[in-house]
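Student: Could we go through the aromatic side chains in this one? I'd like to start with how they group together.

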Amino acid sequence: MTTSIAGAATDVAAGDFNGDGKTDLALAAQYANAVKIALGNGDGTFQPAISYPVTGAALTVVTADANRDGKLDLVVGGGHSSVLLGNGDGIFGTAVAYGIGNRFATVGYFNHDKALDIVAGGGFSAIGVAFGNGDGTFRAPAQYSVGNRIDGFDAADFDNDGHPDLVTGRLLGSSAQLLFLHGTRDGGFVPGIPFGSLAAEFVVAADFNSDGNMDVLAATYDGFGVLTFLGNGDGTFQAAKLTSLTGGDLWPIMGDFNHDGRPDVAVAGADTNKLMILLGNGDGTFQSPITYSTKKTPQSPITSDFNGGGNLDVAVSDNSGSVEVFLGNGDGTLQSSLVTSAPNALYSAAADFNRDGKPDLVVGGQGLKVFFGNGDGTFQTPVTVYTTYGPLSVSDINGDGKIDIVTSADFDGLAVIPGNGDGTFRPAIPVATGDQFAGDLILRDLNGDGLPEAIVSNLSDSFGVLLNATRPR
């Protein structure tokens, strides 16, 4: 059966809008700049559609009870995000537009106040979240533009207020620097005080001098090495301590490789085909690097105890079509690498996906593949779990106790791949983020609900925060 709505519909949502027990439809009419309501007759046919204007093109539509009155309302995404409150009789109020969105809008409970919130594509270089007041109105959205280029970033509580903050490298005009952003209780950020004068390719947070304050390590673009900025515990940082290293394109990761309780650093030198171990002195400085040769262009280093020996091991992906695992001796030195074939390996992470007590690998290269560990530093034949790939991270996203995979793939959003806990995975769930958000990705609990949020850059001038819409259990 066909029901004409006189115009193109780009999205549809179903619900009982007039309380008669029959399913009705809401349709986003893109070129009419409207949402259209077609009340159902209960036999698969619908009454003529009633049109409600919205501001800008209507691209997506979702139903929700935005003002908690027991009646379905509409949230329309497109040129703006528009909210239309339902009367419960099939009639909706005038659309109220919010300056958030460019392509889509969806809803969820993103903070602690039990009021429905909106997350929307906020243009070509940002996403935004509009927090609900519980009465059908929403607060102004937060979007985070930091300069004309974003470099690496990491999240930690740098000012000791109990809320994760963010440090990111940025280019502002002709000046390169690091920027501290203060985290708020609801998962938002407020720009703080810039520090350092460098272009930071990667940024890593750790407490290098064991004073209880989080510090920052930044790897430079220009091949000088890594710089450590000790934190003062209030969101400000001391002058940099430089550890000189040869070559550029340095990928650092933290770990305690010699069991002395001091943070060490493993650095993959993509320009020099080297893996370097920097043992920490406990004051933000490091000893001379212990260097190991790798195959071509090592990158994306990860750490785990891959052979159950009680020591931290290091794995690197490389452009020779493999992942190399260097088993640790527990004194800061590493054994010769064990090589696992992984064509076009670019990104990787370690977790126990099948809960057998042996770390597994997920590798992005020719698709996203999981390599189940044998417990000795070698791996089984991989299983493909996603056809595309990008920067990736692993965590329990939905609070079910099973490890999931998140990747910023397809250049227009995230993909969440839920794990079943036995080494199998459910189909990927696409999460729209607006155009071009496919850069670096980290997962952190930003609002204290015990579930991780996604922070992702757009490889340009902005980063987006996707608050976890899973309801805390």
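Tutor: In this predicted model, one aromatic cluster is formed by Phe-158, Phe-180, Phe-195, Phe-229 and Phe-237.

Student: And how many aromatic pairs are found in the whole structure?

Tutor: A search of the whole structure gives 11 aromatic pairs. Among them is the pair of Phe-158 and Phe-237, which is edge-to-face, with the ring centres 5.7 Å apart and an angle of 70° between the planes.

Student: Where in the chain do Phe-158 and Phe-237 sit?

Tutor: Phe-158 belongs to the loop between strand S13 (149–156) and strand S14 (165–172), while Phe-237 belongs to the loop between strand S19 (225–229) and strand S20 (241–244), and the pair thus links distant parts of the chain, 79 residues apart.

Student: Is Phe-158 buried or exposed? And what about Phe-237?

Tutor: Phe-158 is buried, with a relative accessible area of 1%, and Phe-237 is buried as well, at 12%.

Student: OK, switching to another pair: what geometry do Phe-306 and Phe-379 have?

Tutor: Phe-306 and Phe-379 form an edge-to-face pair, at 5.9 Å centre to centre and with 75° between the planes. Phe-306 is in the loop between strand S25 (299–304) and strand S26 (313–318), and Phe-379 is in the loop between strand S31 (367–371) and strand S32 (383–386), so this pair ties together parts that are 73 residues apart in sequence.

How values were computed:
Residues are numbered from 1 along each chain as its sequence is written. This is a predicted model: local features need pLDDT of at least 70, side-chain atom pairs count only at pLDDT 80 or more; totals for chains, interfaces and linings use all residues. Side-chain values use heavy atoms; hydrogens and water are left out. Rings of Phe, Tyr and Trp (its six-membered ring) pair if their centres lie within 6.5 Å; planes under 30 degrees apart count as stacked, over 60 as edge-to-face and the rest as tilted. Helices (H or I, at least four residues) and strands (E, at least two) are DSSP runs, numbered from the N terminus. Buried means under 20% relative accessible area, exposed over 50%, partly exposed in between (1.4 Å probe, protein chains only).
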